[in-house]
Amino acid sequence: MLRKTLLVLAIASVLAACGKESKDPGKGTGNGGKDETASAAVNLLVSPEDLLTIQSNALASGPVITGSVQPERNADLRAEVSAVVIQVMKENGEVVKRGDVLVRLDETSIRDSLNSAEEASRAAGQVLEQSERMFQRMKTLRASGMTSTQALEDAEIRRNNAQSDLSAAKSRAAQARQQLQRTLVRAPFDGIVSERKVSNGDTAQIGKELIKVIDPTSMRLEGLVSADKIGIVKVGQPVLFRINGYPGQDFSGKVRRVDPAANAVTRQVAVLVDFNDKEQPRVAGLYAEGRIETDSISALMIPDSALVKAGDVTYTWKVKDKALHKVTLRIGARDVRTGQWEVQSGLASGDTVLRTPGSTFKDGQKVELTAGKTAPAAAMASSSAAVAGKGN
């Protein structure tokens, strides 16, 4: 029993000694743990690829243009006859070819009218044949003196009236035939259905909207420019713009037409812009905003990746005297061609900044430049402490 008690006491003593050593790991080594941690947090290792030198570049300037993307070729198909909608053949977004039937209208009454007009035309033709034979007979009799002049004239009048009746009957038949063709609403060109406005069973009066077709390859920007800037806008000038729904993608075009009159309410002038790119948005009505390049200036430019935004404040991390410095910037216009921003204040030409700053950097933090490639700037903050600890 005494031997077991002594064994328990010996184990407890060993555990107590181990706990004491764990609380003071730096004892007897000459370098404390706190010193190593502090040293690891001081230096930030960066490679030349993580740095960016601010330089002056050409910045296109000009009036802002806003508007929407609309197709040049579009057809709002309407009913040309009064009839009931039998069938709508296409839905929104479906591709159509020129001549495809899109909507079928009830043709029953129109076909009856056509049959009646054709029958009247045949009857009028028979009457004309009889009248013509009678007129020729009366001419022969009049030449031999066997009939009067009045009888000949009456025969000629009946022949002429029969000709008029036949022409009128043919006209009614042609009109009914044309009305019958209009019960089939066809696509006027290759495109897509952008809006279906009727359903089966609807009553279509003359002029009622049935279906809308657009050509997605004929898109253009129908924009507006402030009237006080329209004096420098000319036909043929390049336009750079972005379209809502296509983030990160830039589009280019050129001015095709400038309207000669401003809107009486908004005091803006309509400007038509053609696309330069083969790839165009295939959705009409999207909002677009850009700039007409009427001039070019030299300005300090910085990429979007080097900027950090915190609310209304925009700043970047400048590297100077082997240390990081948080610099607040005043940003100007964005160059749509390169995606860079104009720096109006906060930096000078030749300043060095981090290309992709992280979220854990500190103002005044020491920077050590390495010759080899390092991790991207976004990952440098998380790995710098471990790398610096190994160096010490």
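The second largest pocket holds about 170 Å³ of space, a volume being the space filled by probe spheres set on grid points joined across faces, edges and corners. A pocket here is an open set of points on a 1 Å grid over the protein atoms alone where a 1.4 Å probe fits, with protein on both sides within 12 Å along at least five of seven lines; lining residues have an atom within 4 Å of a point. This is a predicted model: local features need pLDDT of at least 70, side-chain atom pairs count only at pLDDT 80 or more, and totals for chains, interfaces and linings use all residues. Residues are numbered from 1 along each chain as its sequence is written, and side-chain values use heavy atoms, with hydrogens and water left out.

**Pocket lining**
- Among the residues lining the second largest pocket are Leu-77, Arg-78, Gln-181, Val-185 and Leu-210.
- Strand 5 (74-78), helix 4 (149-181) and strand 9 (184-186) each give two or more residues to this lining; helices (H or I, at least four residues) and strands (E, at least two) are DSSP runs numbered from the N terminus.
- Strand 9 supplies the largest share, three residues.

**Barrel**
- Six strands close into a barrel in the order 4-13-16-15-14-17, with antiparallel pairing; two strands pair if DSSP finds at least two bridges between them.
- Strand 4 (residues 64-71) is joined to strand 17 (residues 287-292) by five bridges, including those of Ser-68 with Tyr-287 and Gly-67 with Ala-288.
- Six bridges link strand 4 to strand 13 (residues 219-226), where Val-69 has Leu-221 as its partner.
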